[in-house]
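Work through the exercises below with the model open beside you. Try each task before you read its solution.

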Amino acid sequence: MATTALDAISLQRAAKDHLWMHFTRMGGYETQDVPIIVRGDGCYLEDVNGKRYLDALAGLFSVNIGYSFGDEIGQAAHEQMRELPFYTNWSYAHPRAVELAAEVASLAPGDLSRVFFCNGGSEAVDSAWKLARQYYQARGESRLKAASAEPVTRHDELAAMRTPPRRFKAIARHIAYHGTTFGALSINGIPALRGPFEPLVSEVRHVSNTNRYHRPPEETEEQFTRFLLDELEAAILALGPETVCLVHMEPVQNAGGCFTPPAGYWQGVREICTRYDVLLSADEVITGFGRVGAWFGSERFDIRPDLITSAKGLSSSYAAIGAVIATNGVMEPFLDSTSMFSHGITFGGHPVQCAIALKNIEIMKRERIVEGVRENEDAFRATLAQLLDLPIVGDLRGTGYFWALELVKDKDTRESFTDDECEWLLREYLSNALFEAGLICRADDRGDPVIQISPPLVAGQAEFDEIAGILGDVLAEAARRMRA
Ligand SMILES: Cc1ncc(COP(=O)(O)O)c(C=O)c1O
């Protein structure tokens, strides 16, 4: 039984009467039950009626160690509650924030070693953009101060003169999801999410993502990379390089369905950002902490960003914690004795959340979670690749434990479904049929229609087979019904 004072019927009633669920068509629950999940173990969840589901989405791409470490993590949280339930990171430190910052710095590639904590992914993205905006101001100020101190060198004067007046613009990619707070939403490249809240924070330009499936068939990978890099450079030039502070992109883009980078892409993006003196931020809210078979996607794809935004897997979602990880170079202008990053959040670096994240990382290391993803990714891909035999499955893409199947009307022409067909296929049929069959994954059409598969990183061959088995049956039936 679930741990609740309410019986299943009262719980259902109270959910319908009071709970406003996120990104949910609440009207649908006038006639249908709200799915109420009451417990989890390993890769599995159980609902209020005792039905079990394989969670092939790891919560929201985030429960990296799976659901079975509640005792151990709860003990760490309990001990922290007794020792110091709360203290702030505003002008103060406490041991857990210090230890977690040092731990994250040791896992992050290169000199990404300064860690600013917040409560989740959207806050991390907002914080990164604010940090980038203030970085150029702080750098300009410290140069001006340097130039006014004795003795003033020609180099100082030139540096001060070169200081741009204001850099505030950002560049991100089409269809990318980066969160829902105003800053993060403004960076989002999903028109349907932006629309209701416009005007948003100015000024963001979106460039092409790395979806190669719908590119001209004769285009080589090298040509594709060239096209993407030329477009990025043109966007910086069109905005005015002296006004751009941030390029913000995921190592593997989630929305649209696991777009991996073509060869040479990240090296080219890094080179362009360096050339135009723009900060490169890798959004690793999903790809961080093992999902792509490395502690960070930046390491796997050799991105060398100036900033990383992180959340979800940092605590395997056992706590609401996110972080911005910055290089020493980004921190440098803020080390001036009168400078500070003018930003803070009451719960950022909360000691209980930090204790949970520390325990999560300890478990990930002990259980060899990241190594396991790397060892199993080929087998996972091969298992999912069987689904390419279905008439409705056009493409399989991704890496690590992060995969997407693109659904198509015609495999030869790669023609996609119309909006009405997507509405039926994804929302009316697939989401319900998969859930009925005991599989939680996401049927999504923020770009072209895809099924997203991203299980806890403790999944093995048995779970891969179960995912492919259920998807195979349900997708075959969907194809039959689409043709009927
Ligand atoms: C890449 C990326 N960035 C940012 C976010 C926003 O994170 P949160 O929902 O924790 O605010 C998400 C959430 O899915 C994400 O996938």
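**Exercise 1: the ligand shell**

Task: find how many residues surround the ligand, and which are the closest.

Solution. Step one: count the shell. 14 residues surround the ligand, where near means a C-beta atom, placed from the backbone, within 6 Å of it. The closest are Gly120, Gly121, Ser122, Gly179 and Val285. Helix H5 (residues 121-148) gives the largest share of the shell, three residues. Helices (H or I, at least four residues) and strands (E, at least two) are DSSP runs, numbered from the N terminus. Step three: sort by type. The shell holds six nonpolar, six polar and two charged residues. Here Ala, Val, Leu, Ile, Met, Phe, Trp, Tyr, Cys and Pro count as nonpolar, Asp, Glu, Lys and Arg as charged, and the others, Gly among them, as polar.

Note on the source: this is a predicted model, in which local features need pLDDT of at least 70, side-chain atom pairs count only at pLDDT 80 or more, and totals for chains, interfaces and linings use all residues. Residues are numbered from 1 along each chain as its sequence is written.

**Exercise 2: glutamate 250**

Task: is glutamate 250 buried or exposed?

Solution. Glutamate 250 sits in the loop between S7 and helix H10 (265-275). Step two: count neighbours. Glutamate 250 has 25 other C-beta atoms within 10 Å, so it is buried (20 or more is buried, 12 or fewer exposed, in between partly exposed; C-beta atoms are placed from the backbone). Step three: list contacts. Beyond neighbours within four places in sequence, glutamate 250 is in contact with Ala176, Asp283, Ile286 and Thr287 (contact: C-beta atoms, placed from the backbone, within 7 Å).

**Exercise 3: the domains**

Task: how many residues of domain 1 are in contact with domain 2?

Solution. Domain 1 is 35-65 + 370-483 and domain 2 is 76-366, from an automatic or database domain assignment. Step two: count. 28 residues of domain 1 are in contact with 28 residues of domain 2.

How values were computed
Contact = placed C-beta atoms within 7 Å.
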